Amino acid sequence: MEREIMASYETKKNCEIRVFESSDEMATDLAEFISQVSEISVKERGYFAIALSGGPLIRHMRKLCEAPYNKTLDWSKWYVFWADERAVAKNHIESNYKLAKQEFLSKVPILNGHVYSINDTATVEKAAADYEFVIRQLVKVRTVGVSESNDCPKFDLILLNIGPDGHVASLFPNHPALELKDDWVTYITDSPEPPPERITFTLPVINSASNIAIVASEEDKAKAVSCAISEGPGATSVPAGMVQPTDGKLVWFLDEAAATSLEARNDDYKHQY
Ligand SMILES: O=C1O[C@H](COP(=O)(O)O)[C@@H](O)[C@H](O)[C@H]1O
């Protein structure tokens, strides 16, 4: 598959940044990346455990629904999870599941029984606890891998967006959920973006993944991207900057607009948090 990466460089350990001239080229490379991780995981473990987010990410995954991937990927080995979900009904316009179902899951032959959506009928507290329980069972049978360093689940791939405020999944700047060390899945009731109630993977789970991709297009993400990638003190208050795989790889997929502030100093920006 031909790839048109404008620039690709490594910053922190195990972190690669790929910048593309357009979001279309970014989507092409993202599909190839996901396909490669899927093939390697199936070959090495027999399964591919992938966690999705909502937002623009699903649109950026669109090329997986096209040739050659729709025919060549071993979809029967895919196990799909969510890095975060909004506490709304599955048919609600704000549901991350609904978006993924409409734009991705309904277009590829992933088995219904391999799609682990978050309970939309329980309270957020119970839904988070139930989701963690389900993941614990799947870790026991190794459908989801396990991290050797901390016993966390080791997803083969976690796909994240970055919000304009630097949030990833439903981990928002300065929120106490960022501090959680022992929980795998937690809930919040005070999201700064609607809806207020959400369920989310915690940082230890995200950072234990074998592969993490953070995908961003458009200029409204540029400052958050720059802040998260910079190694300056500002990065510590940006949730996306706290995504640092313990024993895996992080790849940023950026279009040119989202990468515009990368070279700029971001000392001023950190004061916005
Ligand atoms: O609320 C959410 O939003 C983010 C994406 O933020 P956006 O500002 O790029 O729309 C998404 O990653 C997350 O899964 C979703 O719940």
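## Around the ligand

Of the 13 residues around the ligand, the nearest are Ser-53, Gly-54, Gly-55, Asn-161 and Gly-163; a residue counts as near a molecule or strand if its C-beta atom, placed from the backbone, lies within 6 Å of it. Sorted by class, this shell holds 3 nonpolar, 7 polar and 3 charged residues. Here Ala, Val, Leu, Ile, Met, Phe, Trp, Tyr, Cys and Pro count as nonpolar, Asp, Glu, Lys and Arg as charged, and the others, Gly among them, as polar.

A word on what you are looking at: this is a predicted model, in which local features need pLDDT of at least 70 and side-chain atom pairs count only at pLDDT 80 or more, while totals for chains, interfaces and linings use all residues. Residues are numbered from 1 along each chain as its sequence is written.

## The chain as a whole

The chain has 7 helices and 12 strands. These are DSSP runs numbered from the N terminus, with helices being H or I of at least four residues and strands being E of at least two. Of its 273 residues, 46% count as buried. Buried means that 20 or more other C-beta atoms lie within 10 Å of the residue's own; exposed means 12 or fewer, and partly exposed is in between, with C-beta atoms placed from the backbone.

Among contacts between residues at least 6 apart in sequence, 74% join residues at least 24 apart. Two residues are in contact if their C-beta atoms, placed from the backbone, lie within 7 Å.

Now for the partners of β8. Strand β3 (residues 48–52) runs parallel to β8 and is joined to it by 2 bridges; strands pair if DSSP finds at least two bridges between them. Strand β11 (residues 211–216) also pairs with β8 in the parallel sense, over 4 bridges. Ile-158 stands opposite Ala-51, and its bridge partner in β11 is Ile-212.

## Helix α5 and its two sides

Helix α5 (residues 124–140) has 17 residues and reaches 24 Å from its first C-alpha to its last, close to the 24 Å expected at 1.5 Å a residue. That expected span is 1.5 Å times one less than the number of residues. Val-124, Ala-127, Ala-128, Tyr-131 and Ile-135 are buried in α5. Seen down the helix axis, the buried residues fall within an arc of 100 degrees, so they line one face of α5; the arc is that of the directions from the axis to the C-beta atoms.

Those buried residues pack against β7 (153–154), β9 (185–188) and β10 (198–201). On the other side of α5, Phe-133, Gln-137 and Lys-140 are exposed. After the helix comes Arg-142, with a positive phi near 65 degrees.

## Two partly exposed residues

Asn-119 sits in the loop between α4 (96–103) and α5. Asn-119 is partly exposed, with 18 other C-beta atoms within 10 Å. Leaving aside neighbours within four places in sequence, Asn-119 is in contact with Ala-127 and Asp-130.

Glu-32 lies in helix α1 (residues 23–45). Glu-32 has 16 C-beta neighbours inside 10 Å, so it counts as partly exposed. Glu-32 and Lys-63 are 31 residues apart in sequence, and their C-alpha atoms are 8.8 Å apart in space.
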